[in-house]
Amino acid sequence: MLQPSPSKTNRKALLAVIGLVVVLAGYTLTRGADSKIPAVGAAAPDFTLTSQDGTPVSLHDFKGKWVVLYFYPKDFTSGCTTEAHNFQRDLPQYQARNAVIVGVSVQDADSHKQFCAKEGLNFKLLADTNKKVSEEYGSVMNFGVAKLSARHTFLINPDGVIVKEYADVNPDKHSEEVLAALTELQSK
């Protein structure tokens, strides 16, 4: 039985490691440019995107309300579904605090419509198909062949100012975390 030579085995392992490093470096470089993330205390960049019902929605439509602007990678994936379910579960508490939930991802409005129907979601999901808003908020992951919105959330006050930003989001606990921050900010 022929055994691969040690040099061929080592070469394959080295190529695998190099490939992994390139993928991870590309992900880190394209996701991370934190300098692109709007700063806490800055005005939230305005935008207009199409919602799951086909209507245009602008950030300025929510002036006078608190806005939970959350970016998420993809409809129908486990983490995104969990995060959306938890926001939906807590929606009455957000509404009682004069807050709206607005989700943004790069899928189109039809995908969002199907996602909302299947998962029973009653808040706006916006289609950022050209990735412009995700990029403006420093919330893009570039995997070389595909760009997705990164899991990233901004809490925006009624004056349109970013008061909290979440870059490391755990979908299981995120809604409770945002709701607690909102409650604390409103008590000041």
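Me: Is Cys-80 buried or exposed in this predicted model?
Reply: Look at relative accessibility. Buried means under 20%. Cys-80 has 1%. That value falls under the cut-off, so Cys-80 counts as buried.

Me: And Cys-116, buried or exposed?
Reply: Use the cut-off of under 20% again. Cys-116 has a relative accessibility of 6%. Cys-116 therefore counts as buried.

Me: How many disulfides does a search of the whole structure find?
Reply: A disulfide is a covalent bond between the sulfur atoms of two cysteines. The search covers the whole structure. The number of disulfides found is 0.

Me: How many helices and strands are there, and in what pattern do they follow along the sequence?
Reply: The protein holds 5 helices and 9 strands. Read along the sequence, they give α-β-β-β-α-β-α-β-α-β-β-β-β-α.

Me: Which residue in the turn between β1 and β2 has a positive phi?
Reply: β1 and β2 pair in the antiparallel sense over 3 bridges. They form a hairpin with 4 residues between them. The phi in question is about 85°. The residue is Gly-54.

Me: Which residues stand opposite Thr-50 in β2 and in β5?
Reply: Take the β2 side: there, Pro-56 stands opposite Thr-50. β1 (residues 48-51) also runs antiparallel to β5 (residues 124-127), with 2 bridges. In β5, the residue opposite Thr-50 is Ala-127. The two names are Pro-56 and Ala-127.

Me: What is the bridge partner of Ser-51 in β5?
Reply: Ser-51 is found in strand β1. Its relative accessible area is 0%, so Ser-51 is buried. Its contacts beyond four places in sequence include Val-57, Ala-109 and Lys-124. The bridge partner in β5 is Leu-126.

Me: Which element gives the largest share of the largest nonpolar core?
Reply: This core has 23 residues. Tyr-70, Tyr-94, Ile-101, Phe-123 and Leu-125 touch the most other members. Elements giving two or more residues include β3 (66-71), α2 (78-96) and β4 (99-105). The largest share, 5 residues, comes from α2.

Me: How many residues does the second, separate core have?
Reply: Its members include Phe-62, Leu-69, Val-102 and Phe-154. The count is 19 residues.

Me: What share of the protein's residues is buried?
Reply: The protein has 188 residues. Buried means under 20% relative accessible area. The buried share is 43%.

Notes:
Residues numbered from 1 in each chain as written. Predicted model: local features only at pLDDT ≥ 70, side-chain atom pairs only at ≥ 80, totals over all residues. Heavy atoms only, no water. Core = buried A, V, L, I, M, F, W, Y, C linked by side-chain atoms within 4.5 Å. Buried < 20%, exposed > 50% of the residue type's maximum accessible area, 1.4 Å probe, protein only. Pairing = 2+ DSSP bridges. Disulfide = S-S within 2.5 Å. Contact = heavy atoms within 4.5 Å.
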